[in-house]
Amino acid sequence: MLTRLGPPVAILLLAGPILAGLAGTILPAFGYLPVLGGGELSPQPFRELAAEPGLLTSVMLSIGVGLAATLVSVIVVALFLAGWTGTRAFMRIQHLVSPLLSVPHAAAAFGFAFLIAPSGMVVRLMSPGLTGWTAPPDALIVHDPAGLTMTVGLAVKEIPFVLLVSLAALQQANSRERCILAASLGYGRVIGFLHTVWPSVYRQIRLAVFAVLAFSTSVVDVAMILGPTSPAPLAVRVVGWMGDPDLSMRFKASAGALLQLVVTALALIAWLGFERAGALVLDLLRDSGRRLRRDAVARTTGLAVMSVSSAVVFAGLATLVLWSIAGLWQFPSALPREISLRTWQNALPRIGGPLGTTFVVAALSAAIAVLVAVLCLAREGETGRTGGRGALALIYLPLIVPQAAFLFGLQFLFLLAGLNASLPALVLAHLVFVLPYVFLSLSDPWRVYDRRYDAIAAGLGASRLRTMTAVRLPILLRPILVAAAIGFAVSVGQYLPTLLIAGGRLPTVTTEAVALASGGNRRVIGVYAVLQMALPAIGFVIATLAPALLWRRFRALRV
Amino acid sequence: MSETGLFLDRVSIALNGRTLLSITHAVAPGEVLTVMGPSGSGKSSLLAYIGGFLDRAFSASGAVLADGVDVTRLPAEERHAGLLFQDALLFPHMTVAGNVAFAVPSLVKKRAERRIQAEAALAGVDLAGFGDRDPDTLSGGQKARVALARTLVSSPRMLLLDEPFSRLDAELRRQMRELVFERAKASGLPVILVTHDEADAEAAGGPIVRIGV
């Protein structure tokens, strides 16, 4: 059976590139790379790395920004869930936040920068009326040396992700009953939730939180757009050495990539400490028996921060759109004096290629990922065995190992195989990140599917293939298309894999947009960022409309 | 051992090393064997084993013979076990007629002919003219009758009923029981009924096996 191939193919696609890539990073990090004249192992690359000025600052920035962004996201989500689960405000925020998941990190970061920069939207709205400024204030907000802007920019983008994975976990935690029970014992809403529901929710979202932390400690595109520059967080510097025309820099870059692996591991260890501390505080509170019924401040804070953080992303995106169609737009004006499509007209001739590449790679990787995920899940149904914790860890592996650490090695391997900068190599590299999200999104609806439908179809004489194609897949069409749209969005947003594997020869909308970051032409950045968020949005529109049209006659399949 | 009907030959089902049930029984064509037991006693697993879709968590042994043929090693789709659950489980993405036509044996190749057979089966359960409806718009009783028509049109070798009446209210339940047992008798189908409702067992009028007590 074909389904038998599912799990091995998935393991190969996920673990293969990571293990091979890590090997391809470790060897040059110790000076071994015969192609570039490194014939024997030596600690020289690490010596060169250590001699880099400001290395410790870069390392501390990576760890600090990563931990802070993750901590903020988790606390905001916990507070919001605790204060508002099951309320109407909760439903409203949930609907508001869901679409934010599909916005690529780079687009969200650009939007945030356009919003809070000294000449950004926020200052414009207040000037000159409130501030009296007629020229942008001379302040370093974006690229601030402490990485505060980067931290907030990451947090507002990660909050929707943490919230959505928590929602899935919440359904299995009997939150309603547990909250009622806690309330009947006299506990305040927030503390009641934190004592009775949050621990089981957190246990389920833990790997996703690790993924957020690993991403935030090693992200490159957001750091280039919002992060400090002198020195930059470690991952940015490592990628810079990697792209250096002086090929001998690659040894140092590989050593840096390995250091990035250590940095992310250190952040994870620190996070385990945070987990302990959090649990300890909750334990102490519980043992004290305090009811903490006056929690209005905590509740309001949770809702306020949650609302503001999604509003910030939306406002940023709106600002991007505005800049892409802005004509003359002088400083204190809140709106451009004229609307013009000139930027679009000028950019379009150059944008066709990257747009096509983005689309083809995203469509191919999403399609392959859905196919592999369906085969794995079908196999799981046949054998009656889910992969358990091991399989889940494997799925999260590409999301937890820092991208730079294994993509360097993978680039070397593709170079050796003569595959670099080819479409198949790019699709393969994207699949490593697309497959986990597709699998995670599809597995829950797949597992709650009522398997008695299959039994009935088989009893009616339908073959396994017919049962799959005529009964199960059509019933699951919507979640399958949503999973595909998520995969598509993940692929569109990939920066580092595209940059490294395509080697500049297959630019996508995302690599082009980030490359424009240092130039600072807001109109052109606006065009690329708008395209970057439009592509995933189109995917989600199709995923919503297609089943609605196909199944318009069938009430049970409407949402 | 009779050559016609269903024969359960030392069928035994265990979960985690604990034997849930052991049964040897013949069910003649048109006869209803009622299996009664509390929830968790494994009565649904018995149907799953006979139908060929038992979860791998269970271990089972023994042979199932349909009209003298051992079907135990056959895949579910070659056993032709007509199933009715407590939910009608009409395929939500097909019309009522589409649901029934899905069950028409593949020997009937022509689309139009399949459609005619489906409409006839619907008329047989007093649902003529319902073919183009969305199954979700039917009442509970209508859904149950479509499910019955869908099962009967597939020319099953046996009927396996897993508490099929328990979701219906008292009056509908009585009607459905009569309809199902009458059709099974008319088609000469051996029936196994799993239930915990004594009235079901009584109406079935056949032998009763109690498990897990």
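Predicted model: local features only at pLDDT ≥ 70, side-chain atom pairs only at ≥ 80, totals over all residues.
So, look at B:Leu65: it stands opposite B:Asp70, which belongs to strand S5 of chain B.

Strand S4 of chain B covers residues 58-66, and S4(B) pairs with S5(B) in the antiparallel sense, over two bridges. Two residues lie between the strands of this hairpin, and in it B:Asp67 takes a positive phi near 50°.

Now zoom out a bit. What is the order of the strands in the open sheet of chain B? Going across, you read S2-S1-S4-S5, four strands with antiparallel pairing. Why do S2 and S5 of chain B have one side left without a neighbour in the sheet? Well, strand S2 (18-27) and strand S5 (69-70) are at the edges and each has a single partner strand, so there is no neighbour in the sheet on one side of each. There's a helix here too: H1 of chain B, residues 43-51, packs on the sheet and touches strand S1 (6-15), S2 and S4 of that chain. The direction of H1(B) makes about 120° with the direction of S1(B).

If you want a pair to find on screen, B:Ala14 stands opposite B:Ser59 in S4(B).

Let's follow chain B to the loop between S1 and S2, where you'll find B:Asn16. Quick reminder: most residues other than glycine have a negative phi. B:Asn16 isn't a glycine, yet its phi is positive, near 50°. Is B:Asn16 buried or exposed? It has 7 C-beta neighbours inside 10 Å, and therefore it counts as exposed.

The buried ones are B:Val96, B:Ala97, B:Asn99, B:Val100, B:Ala101, B:Phe102 and B:Ala103. And what covers them? Among the elements doing so are helix H3 (111-124) and helix H4 (140-153) of chain B.

H2(B) also comes up when we ask how the two chains meet. Here 25 residues of chain B are in contact with 23 residues of chain A. On the chain B side, strand S6 (81-84) and H2 each supply at least two residues. S6(B) gives the most to that side, with three residues. Sorted by class, the side of chain B that touches chain A has 12 nonpolar, eight polar and five charged residues.

One more stop in chain B: B:Leu168, in the loop between strand S7 (158-162) and helix H5 (170-187). It has 18 C-beta neighbours inside 10 Å, so it counts as partly exposed. Apart from neighbours within four places in sequence, B:Leu168 is in contact with B:Gly140, B:Gly141, B:Ala144, B:Arg173 and B:Met176.

Okay, over to chain A. Helix H3 (residues 55-84) and helix H9 (residues 189-196) of chain A pack at an angle of about 115°, and their axes are 7 Å apart. Because of that angle, H3(A) is roughly perpendicular to H9(A). H3(A) passes H9(A) in a right-handed crossing. Which residues meet there? From H3(A) we have A:Ala78, A:Leu81, A:Ala82 and A:Gly83, and from H9(A) A:Arg189, A:Val190, A:Phe193 and A:Leu194. By class, the contact of these two helices has six nonpolar, one polar and one charged residues.

Last, two backbone spots in chain A. A:Leu292 isn't a glycine, but has a positive phi of about 45°. Look for A:Leu292 in the loop between helix H13 (249-288) and helix H14 (296-324) of chain A. With 16 C-beta neighbours inside 10 Å, A:Leu292 counts as partly exposed.

And the other one is a peptide bond. Most peptide bonds are trans. A:Ser230 and A:Pro231, though, are joined by a cis peptide bond, with omega about -5°. A:Pro231 is in the loop between helix H11 (221-226) and helix H12 (234-242) of chain A.

Conventions:
Residues numbered from 1 in each chain as written. Chains lettered and ligands numbered in written order. Pairing = 2+ DSSP bridges. Contact = placed C-beta atoms within 7 Å. Axes fitted to C-alpha atoms, helices over the stretch in contact; angles between N-to-C directions. Parallel < 35°, antiparallel > 145°, perpendicular 65-115°, else oblique. Left-handed = near helix turned anticlockwise from the far one by under 90°. Nonpolar A, V, L, I, M, F, W, Y, C, P; charged D, E, K, R; others polar. Buried ≥ 20, exposed ≤ 12 C-beta atoms within 10 Å, placed from the backbone.
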